[in-house]
Amino acid sequence: MKHKADVTASIETQPCLLNETVPLPAAVIKASALANNIGWMQAFANTAGVALAPHGKTSMTPAIFRRQLAAGAWGLTVATPYQALIAAQAGAKRIILANQLVGKANMAVVAQLLQQGIQLYACVDDSHNAKQLSAYFDKLKLQLPCLVELGTAAGRCGLRDLDSSLRLADVISQLNGLTLAGVEFYEGIAKDEQSVRHWIQQAARLCQQLQQRYLTGQSAILSGAGSVWYDVVAEELRAFSADNPIEVVLRPGCYITHDHQLYACAQQHIQQRSQLAQQVQGDLQPALEVAAYVQSLPEPGLAVLGLGKRDIAFDAGMPKVLKLYRAGKALPLDFTGCESRKIMDQHTFWHYPPQLELQIGDIAILGSSHPCLTFDKWRSIWLVDDDYQLLEAMETCF
Ligand SMILES: Cc1ncc(COP(=O)(O)O)c(C=O)c1O
């Protein structure tokens, strides 16, 4: 037994989270919401006429990757070569490494995948890196498909303007072992819609020029989009891809379980502004929760819950108590005025109006903001039905 989640994975009695047969804390995913989200985002991409390569770094859960691919995803996106290995093992035939590929050990992992016939695209934003890649892949008689990354001033990776991007494309096109394949950008770090639209338009212009100059007769890849601006990316690029031999690939990751704060708020904006999103039936639903006991009631109005930074995301907002259960039944409580104010490694300080009458052993179900950093705290996550009956232990691979 190597992880806290392994204790729960060996439980064979009454398979329900609410009847005290599962040691807590435990992370769960609602099966109905997971299936809904996979279907909803695929339907959005289909409606927009673009391809979907969900970012796998969010869940790193092969059982989820398989479901995304089975629902029609074009491929998967990853952030590291290790993640690419896991994506390939789960069945992805096309993988976007939405990052620069640096260092020989990382290149060796990618080479192994190319040799297996995986179509893997890596991002490049520097001619020195392009030459390193060329030396490595040419020696192995492999061709690495490369996407030029277009960034933005004060952003993260990526070239800052079209001229330098075109110069890099020119370098890549002349190097052995590399195949110029298209353009990548990540607008998720932008703050406002206007700068997102400008960035997308620049990327489209770059991709068009690159396609015309270097890829005559072949289609280019143009890939962007996290879970905050995917509607704007799709809206800007769908017409463009209809008129040009360009395959648009969206890469949202956090949509998979959605959340109770950051992405819930982003999706509300999307539903308000996007006709494309409004055409898709239903909406994303929060799917990921962590269950924990009320562990101590040391002062009136303060409950110390048995979960902490080791168990749930706290980087983008404090976890929220969604429901409380006693003896398997939901307590009919109004949570107005309740909040988690402090989180430590293994404890969360939850403040509530004392008239709520909590008891030690009540089970709190919490939702978080930003799913990525809850997923990575668990080696195994329970798939549950709407009544918290355990359906499947899903292994994560971080
Ligand atoms: C390059 C890249 N693409 C796509 C995504 C997915 O965005 P989100 O986490 O909002 O779903 C990320 C997330 O960090 C990213 O870094």
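Predicted model: local features only at pLDDT ≥ 70, side-chain atom pairs only at ≥ 80, totals over all residues.
The chain is divided into two parts. Domain 1 is made of two segments, residues 4-28 and 284-395, whereas domain 2 is residues 33-261. Taken over C-alpha atoms, the centres of domain 1 and domain 2 are 35 Å apart.

The two domains touch each other: 22 residues of domain 1 are in contact with 23 residues of domain 2. Together they bury about 2000 Å², and 63% of this area is on carbon and sulfur atoms. On the side of domain 1, Leu284, Gln285 and Phe375 supply 34% of the area buried against domain 2, more than any other three residues.

## The parallel sheet

An open sheet is formed by eight strands, and the pairing is parallel. Read across the sheet, the order is β2-β9-β8-β7-β6-β5-β4-β3. Which strands stand at the edges? They are β2 (51-52) and β3 (76-78); each has a single partner strand, so one side of each is left without a neighbour in the sheet.

Strands of a sheet pair through backbone hydrogen bonds, either parallel or antiparallel.

Helix α4 spans residues 81-89. Its buried residues are Pro81, Gln83, Ala84, Ile86, Ala87 and Ala88. An α-helix has 3.6 residues a turn, so residues three or four places apart point the same way.

What covers these buried residues of α4? The cover includes the helices α3 (62-70) and α5 (104-115), together with the strands β3, β4 (94-100) and β5 (119-124). Just after α4, Gly91 takes a positive phi of about 115 degrees.

## The annotated region and its antiparallel strands

According to the UniProt record, an unreviewed entry, residues 287-385 carry the annotation "domain: D-serine dehydratase-like". This span is 4% helix and 44% strand, and its end C-alpha atoms lie 11 Å apart.

Strand β15 (residues 348-351) pairs with strand β11 (residues 302-305) in the antiparallel sense through four bridges. In this pairing, Leu302 stands opposite His351 of β15. Strand β14 (residues 339-343) also runs antiparallel to β15, again with four bridges. Here the bridge partner of Lys342 is Phe349 in β15. A hairpin of four residues connects β14 to β15.

## Cysteines without disulfides

How many disulfides does the model have? The count is zero, where a disulfide requires two cysteine sulfur atoms within 2.5 Å. Cys146 is in no disulfide, and the nearest cysteine sulfur, that of Cys123, is 9.1 Å away. Cys157 is likewise in no disulfide; for Cys157 the nearest cysteine sulfur is also that of Cys123, 8.7 Å away.

Is Cys146 buried or exposed? With 0% relative accessibility, Cys146 counts as buried, because the cut-off for buried is under 20% relative accessible area. Cys157, by contrast, is partly exposed, with a relative accessible area of 27%.

Technical notes
Residues numbered from 1 in each chain as written. Heavy atoms only, no water. Buried < 20%, exposed > 50% of the residue type's maximum accessible area, 1.4 Å probe, protein only. UniProt positions renumbered as here; feature names shortened; annotations may be inferred. Helix = DSSP H or I, 4+ residues; strand = E, 2+ residues; numbered from the N terminus. Pairing = 2+ DSSP bridges. Domains from an automatic or database assignment. Contact = heavy atoms within 4.5 Å. Buried area = accessible area lost by both parts, 1.4 Å probe.
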